[in-house]
Structures are given as structure tokens and as C-alpha cells.
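The following exercises concern one protein chain.

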Amino acid sequence: MNNSRLFKKTLLAVTIATTSIASQQAMAAGFQLNAQSATGIGRAFAGDAVIADNASVMARNPAAMALFDKMELSLGFETITSLIEVKDVEYKGILTGPNALPVDDTDDVGSTSIAPNIHLIVPVNDQFAWGVNAYSNFGTKTEFEDDYVAAEYGGLTDVKSFNFGLAGSYRLNQQWSFGAGLDLIYAQGTMKRVAGEGFGPGFGGIPGVLPAVPPSGTPILDIDKADGFAVGFNVGTVFELDENNRFGLAYHYSPKFEAKDDHGQKITLPLPDIAEFSGFHKIEDTKFAVHYSIQYIAWGSFDKIDFEDLDANQSTVGAGLATDGVFEKEYKWQDGWHYAIGGTYYLNDDWTLRAGYMYDTSAQDQVTSISVPDSDRQWFSTGFTYHIDSASNIDFGFTYLMGDDVKVEESLGATSLTATTRANAILMGLQYSRSF
């Protein structure tokens, strides 16, 4: 394996690590955006593991299917618009001297993604129910201009994931219900990078001493639809104190995820498990209910990625590449938390109003990126349900997600970059639900 290819492999691994981890819902932060339902968006997902106002609850807690006595169908979509700002950039290259190259601030690298969903719950009898669903765990896109000075840190990042689920629930008695399900996860990513101006005219390298450095403008990463499947599972329980008060607890197991591209390269990523506790309380003799959730996301398990060239025919050691074409990149991520609280107002037979707030902690700690910026975030949400008739309704949800300024430091050996990023987002959801 020559030094030029080694450089490309190192950059590929770094890029995949900062994008693919955001491609999974089990995921929090890492720029996680939930997209299971419009009702969830309208209340910042507060209480979503137990409210059970439509079939989408099975995506958060399979045990909540036991709360339905009729077949329930929900289908809809969410739009996710990321608003990403990159400013105060200092960009240097080892072949261009000690001075930083000028890089303009930019606030147009975000994009809009559409995430569809469908959920079906089928009660069998008073004790058993089963359900199936399909939804997009994550969909986001960042794209810098083709002439961006620090192009090797920007470029195109386009990641999507889809979850196909099958679950069942069992009601033990009036208070306790249990559920479990399987998740088939499919993810797809496109990443493109070229050498920025900091690379200058390039450098041929010295075998065994210095790796080759491609000249500015050279394509150094062109991954088109790297994809793969993984299987996870989820379990949950619901405790009903009475008809107006209930609690839900759910756990989602996420496997290691493997993605392969068309060039024989495989990336293995450890993904975080999730635990969520939710409560719902309708205040007696009023039209108001309060609900809340606490969610724990084990991002600390993301310690490294393994990157393997399946076509490697020789052993190479250097720049983090182990023998037999296996690359390991270490990361120092931290566990994440969601804290959400919301309220629902049952205005009349036609209209239900809701609102919510969430504080969402960042998964990134010491490792940061301008291509997938991350920070602690606040969710401000509102929404409504319009009841068409006693069996069907339409939901709308809106969330403004506000991030913090984050100092970013990145290095690829040939160049280095510091910057300040801010990632905000707007989520909107529309959904139709019907009971049969």
C-alpha cells in the first residue's frame, strides 16, 4: 500500500467516524434528531415512552402497545432543517508557512431532509398485541461550497438510516405490561472531500519516513453510498397507577454497525444503547396533562472505530494503520442525557394542544468537527392534534432546536484547523392516525 493511499484511508476513517455515528437513532447527540412522530416533535418527546396517543409509541416502548384495544395505524413524515454556522476559522498547512490562510465565515452548509414513518399496532386479545413499523432514524446533510478553502474538513456529508421493527406486548394484569421487539437497521452514507489550499503543491513523500501529501484540489475521499445492515432489540414495561397516571421504562440495544463501500473498505462502529424513563399524569377534573422523560444514551461506548481494507494485499504500519490493512481511530466520547418536560391541553372534542422543552447534552467531548457539529442543545416545541372524527386525526408538530457555540480543533497531519461552530435546527412533522 503506497503512502498516498494510506493518507486517503486515514482521512476516510476520520470522516466516517464523525458522520456515521450521527446516522443512528438509538442515538442521541452526535447531532441526533428524533423523527418517529409528529406528536413527539410537538412535545419535545416528553413522555413519549408511555403517553400512547397513537401507534408511534411502539418506537419508544413496545410495552405501550398493550394500552390499545383497537388496531391503530399512524403514518407521516418529518422535515429536518439544519442551520449550521462555521466562523472564526484559523486554517494552516505545513507546506504554506506558519501563517493561517483566510477562510470566510459560512452559515449555509446545512440542508433539509425528509424522514417518513409508519407504525401499526394489532391487538390480538386482552393480553397480547403485536406491531410493525418503519421509520427513518436520522437524515441530515452538510455541504460546503466547492471552493471552500479548508475543503478537506468540509465537502459533502450525506447520511441516512432506516429502522424496520417488529414487536410484541403482553399485559400481565391491570397495572403491569411488558414488551419486546427486534430492529433491523439500514444505513447509507455519502462523503466527498478534496485537498484544501493548505496542501499547496503537494509532496511526494519519503518512503518509510514521510507520507505523500496530495496537491491542493486533489480528490482525497469519494465514498458514494457506503451502506450496511445491523440488528438490535428493545424491551420495555409500563406501570399504570390508574387511568390518569402511568410510567414507562424502555431499553434499546444497539449493535456494532458495519458499513461497506464500493471500493472494498469496511468500517465497524460501536453504537450506543439507550434507556428511557417516562411519566404521564392527567390532572383530575381538568383538561390538562403533564408528562416527562429522562433518556440515557451510552455514547461512552464509542471508544474507537475499526477501518479495514478488504482488498489489502500487504501489511503496512504507520499513521495509525495496523498490520493487514486494519486502521483504528480512537475517540473520547461521553454519555449523553435528554431531560424533557411537556404539557397537553385537551381543548375539546376536536382539538388537542401540546408543548414541550428538552435539554439535550452533547455526545462529543474532546473530538469535534465542522462537518458534523455538536453541542448541548435546547428544544422548544409545540403542536396540535385535530380530530377528524372519533376514529381518525391529524397531528402537527414544530420544534426549534438551539445549540451552543463550540470551539473545534481538527488536524489531518498535513493541515490543521480551529473554528467556532453552532448547530441549530428546525423540525416539523405531519402525521395521520386512525383506529379500526
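The protein chain comprises two helices and 19 strands, where helices (H or I, at least four residues) and strands (E, at least two) are DSSP runs numbered from the N terminus. The model is predicted: local features need pLDDT of at least 70, side-chain atom pairs count only at pLDDT 80 or more, and totals for chains, interfaces and linings use all residues. Residues are numbered from 1 along each chain as its sequence is written, and side-chain values use heavy atoms, with hydrogens and water left out.

**Exercise 1. Salt bridges**

Task: How many salt bridges does a search of the whole structure find, and which residues are linked with Arg43 in a network?

Solution. 
Step 1. The search finds nine salt bridges. The criterion is a side-chain nitrogen of Lys or Arg within 4 Å of a carboxyl oxygen of Asp or Glu. Side chains of opposite charge can pair when their charged atoms come close.
Step 2. Arg43 pairs with Asp48, with the closest N and O atoms 2.6 Å apart. Arg43 is buried at a relative accessible area of 2%, and Asp48 is buried at 5%.
Step 3. Asp395 and Arg354 form a salt bridge with an N to O distance of 3.5 Å. This pair joins distant parts of the chain, with Asp395 in strand 17 (residues 392–403) and Arg354 in strand 15 (residues 351–360), 41 residues apart. Both Asp395 and Arg354 are buried.
Step 4. A salt bridge also connects Arg377 and Asp360, whose closest N and O atoms are 2.4 Å apart. Here too distant parts of the chain are linked: Arg377 is in strand 16 (residues 377–389) and Asp360 in strand 15, 17 residues apart. Arg377 and Asp360 are both buried.
Step 5. The network of salt bridges links Arg43 with Asp48, Asp53, Arg354 and Asp395.

**Exercise 2. Surroundings of Arg60**

Task: Where is Arg60 found, and with which residues is Arg60 in contact, leaving aside neighbours within four places in sequence?

Solution. 
Step 1. Arg60 is in the loop between helix 2 and strand 1, and its relative accessibility of 5% makes Arg60 buried.
Step 2. With those neighbours left aside, the contacts of Arg60 are Asn34, Gln36, Phe45, Asp48, Ala49, Ala250, His252, Glu276 and Gln295.
Step 3. Arg60 and Val50, ten residues apart in sequence, have C-alpha atoms 8.3 Å apart.

**Exercise 3. The largest pocket**

Task: What is the volume of the largest pocket, and how does its lining divide by residue class?

Solution. 
Step 1. The largest pocket holds about 840 Å³ of space. A pocket is an open set of points, on a 1 Å grid over the protein atoms alone, where a 1.4 Å probe fits, with protein on both sides within 12 Å along at least five of seven lines; lining residues have an atom within 4 Å of a point. Grid points are joined across faces, edges and corners, and the volume is the space filled by probe spheres set on the points.
Step 2. The lining consists of 35 residues, with Ala52, Asp53, Asn54, His387 and Asn393 nearest the centre.
Step 3. At least two lining residues come from each of strand 1, strand 10, strand 15, strand 16, strand 17 and strand 19 (415–435).
Step 4. The lining divides into nine nonpolar, 14 polar and twelve charged residues. Ala, Val, Leu, Ile, Met, Phe, Trp, Tyr, Cys and Pro count as nonpolar, Asp, Glu, Lys and Arg as charged, and the others, Gly among them, as polar.

Note on methods: Buried < 20%, exposed > 50% of the residue type's maximum accessible area, 1.4 Å probe, protein only. Contact = heavy atoms within 4.5 Å.
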